Amino acid sequence: MSQSQSHQNNFISPPQHRPRLALTLGDPAGIGPEVILKALADPQISKNFDVTVVGSQDLLLENYTKVLVSGNLVPLANPENLSILDVALEEQIKSEILIGTGNAASGAASFAYLERAIAHTQKGEFDAIVTAPIAKSAWKAAGYDYPGQTELLAEKSGTDRYGMLFVARSPHTDWTLRCLLATTHIPLCQVPEVLTPELLTKKLDLLVECLEKDFGLESGKIAIAGLNPHSGEQGQIGREEQEKILPWLEQERQKRPQWRLDGPIPPDTMWVDPGKAWYSGVDSTKAADAYLALYHDQGLIPVKLMAFDRAVNTSIGLPFIRTSPDHGTAFNIAGQGIADATSMKAAIKLAGELARVRVQRRGGVMG
Ligand SMILES: NC(=O)C1=CN([C@@H]2O[C@H](COP(=O)(O)OP(=O)(O)OC[C@H]3O[C@@H](n4cnc5c(N)ncnc54)[C@H](O)[C@@H]3O)[C@@H](O)[C@H]2O)C=CC1
Ligand SMILES: NCC(=O)COP(=O)(O)O
C-alpha cells in the first residue's frame, strides 16, 4: 500500500477507533523529525495510537538516514512504515533546508505542516494535534509573525480564549505537575502591564475548566504566584500584589468555593512543595493540583528543572486537543542521534488520553 493510500485509510475510522493523532514534523532542520522517529518506534505508541505524520516525507527520510549513521543507539521507526500526510513544498524551499540550521525555508515548511494539520483536524479527520517544535525566528524569517504555534492554533480556531499549560507526571512518585502560564512570549518589562485582573480571570477560568473536564477534578487547590520578590513584601518591593492580585483573588474565591486558591505565593518558595511531591512524595498533600505562574520563566524554569525530559505543553481552550514536547528545535544537536524523545512520547500519550476522556464525556468509547 502506498503512503498516501495508507493515510487516506485512516480517515475511514471504525466506530471505536484508536485516538487519531496528527503529528506535525515541526522545523525539519531541528530535532523534531528525530524525536518523532524515536517516539514512533515505541510499541506502546504504535499499538495504542493511530498516528499520521504531517510533513515532508523526503525530509523525514533524510533525517532518518542522518540519524541512522550518527551512531544513534535508540530504535528508530522507518519512515517507509509510517502513515505520512505529505505536504507539498516548493523545490526551492526544500533545497534550502539544512539540518541543524533554522532559516526562512525551514520556517516556511514548519508553518505549512501546522496549517495543514489544523485544516484536517477541523474537518474531523484527527482527534488531536501533536506538534514537534518550531523556531519562532524561522517563522519570522519566512514572513510569519506569531509568538508561537499556540497563537496560530488559536487564530485558526477563531478564539482569543486559550492558555499554555505544562503537564508532567513524576517518574519518581507518579504525582502530576500542572503549570499554566498567565503570560507567555512577551518581554519581561511588559508583564506587569499585561497582567490585568481580566486576563487573570480568563486564565483561571480556563485552568479550572480544564482541571474539571480534562483531568476529572471537581475540587482542589490552585496555587497562584506573586509577581515580585516576596510577593511585594506588603507593597515595599512592588505594588502589583496589593493593588491587583489580592483584590482579584478575593473575588475569585467567592466565585468558586470548591477550589482553594492560595496566593499570591512568594515565587521563590512556591516551588518547594511541588519539588518534594515530584522527587520524593514527602508532604505531597501540600502540593497543589495546579500552579498559575505569571510569566514564562517563572513557570518554565521550575517545570524544566523537574521535568525537562517529560513535560508536555498543552494548549487549553481550543476546540481540539493540542500537545507538544516542552523542548525546542535544539538545532545544536539536530541529526546527531542524541535527542531524547521522552517528552515527545509523553506529548503523544497525553494527547491520546485527553482524546479518550473527551469521547467518554460524550458517552462514547475509544479503542
Ligand atoms: N514547542 C515549541 O515549538 C518550542 C519551540 N522552541 C523554539 O526552539 C528554538 C530553540 O530554543 P532553545 O531555547 O534553544 O531551547 P531548546 O529546547 O531547543 O534547547 C535548549 C537546550 O536543550 C537541549 N535539548 C533540547 N531538547 C532536547 C532533547 N529532546 N534531547 C536532548 N537535548 C535537548 C538543546 O540541545 C539545548 O542545549 C527557539 O526558536 C524556540 O522558540 C522552544 C521551546 C518550545
Ligand atoms: N516555551 C514554550 C514554547 O515556546 C512553545 O510555544 P508554542 O510554539 O507551543 O506556542
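How do the residues of the shell around ligand 1 divide into nonpolar, polar and charged? In this predicted model, the shell around ligand 1 splits into 8 nonpolar, 8 polar and 2 charged residues. The residues around this ligand number 18, and those that come nearest are P133, A135, H327, G328 and D340.

The domain assignment of the protein chain places residues 1-158 and 318-367 in domain 1, and residues 160-315 in domain 2. A distance of 28 Å separates the C-alpha centres of domain 1 and domain 2. To the contact between them, domain 1 brings 21 residues and domain 2 brings 19 residues. On the side of domain 1 that touches domain 2, the elements giving two or more residues are α8 (149-157), β11 (321-325) and α14. Of these, α14 gives the most, with 8 residues. Taken by class, this side of domain 1 comprises 10 nonpolar, 7 polar and 4 charged residues.

Helix α14 also has a helical partner. Helix α2 (residues 32-39) packs against helix α14 (residues 342-361) at an angle of about 65°, and their axes are 9 Å apart. The crossing in which α2 passes α14 is right-handed. Where these helices meet, α2 supplies V35, I36 and A39, while α14 supplies M344, K345 and I348. The residues of this contact fall into 5 nonpolar, no polar and 1 charged.

The strands can now be followed across an open sheet. This sheet has 11 strands with mixed pairing, in the order β3-β2-β1-β4-β11-β10-β5-β6-β9-β7-β8. Strands β3 (83-86) and β8 (259-265) stand at the edges and have a single partner strand each, so one side of each is left without a neighbour in the sheet. On average, and with direction ignored, neighbouring strands of the sheet are turned by 25° against each other.

Strand β7 (residues 220-225) pairs with β8 in the parallel sense, over 5 bridges. One bridge links G220 to its partner W259 in β8. Helix α10 (residues 197-213) lies across several strands, namely β5 (163-169), β6 (176-181), β7, β8, β9 (290-293) and β10 (312-316). Relative to β9, helix α10 runs at about 160°.

Most residues other than glycine have a negative phi, and most peptide bonds are trans. Which kind of peptide bond, cis or trans, joins G263 and P264? The bond between G263 and P264 is cis, with omega at about -10°. Q234 sits in the loop between β7 and α11 (240-255).

Terms used: Residues numbered from 1 in each chain as written. Chains lettered and ligands numbered in written order. Predicted model: local features only at pLDDT ≥ 70, side-chain atom pairs only at ≥ 80, totals over all residues. Pairing = 2+ DSSP bridges. Helix = DSSP H or I, 4+ residues; strand = E, 2+ residues; numbered from the N terminus. Axes fitted to C-alpha atoms, helices over the stretch in contact; angles between N-to-C directions. Contact = placed C-beta atoms within 7 Å. Left-handed = near helix turned anticlockwise from the far one by under 90°. Nonpolar A, V, L, I, M, F, W, Y, C, P; charged D, E, K, R; others polar. Domains from an automatic or database assignment. Near = placed C-beta within 6 Å.
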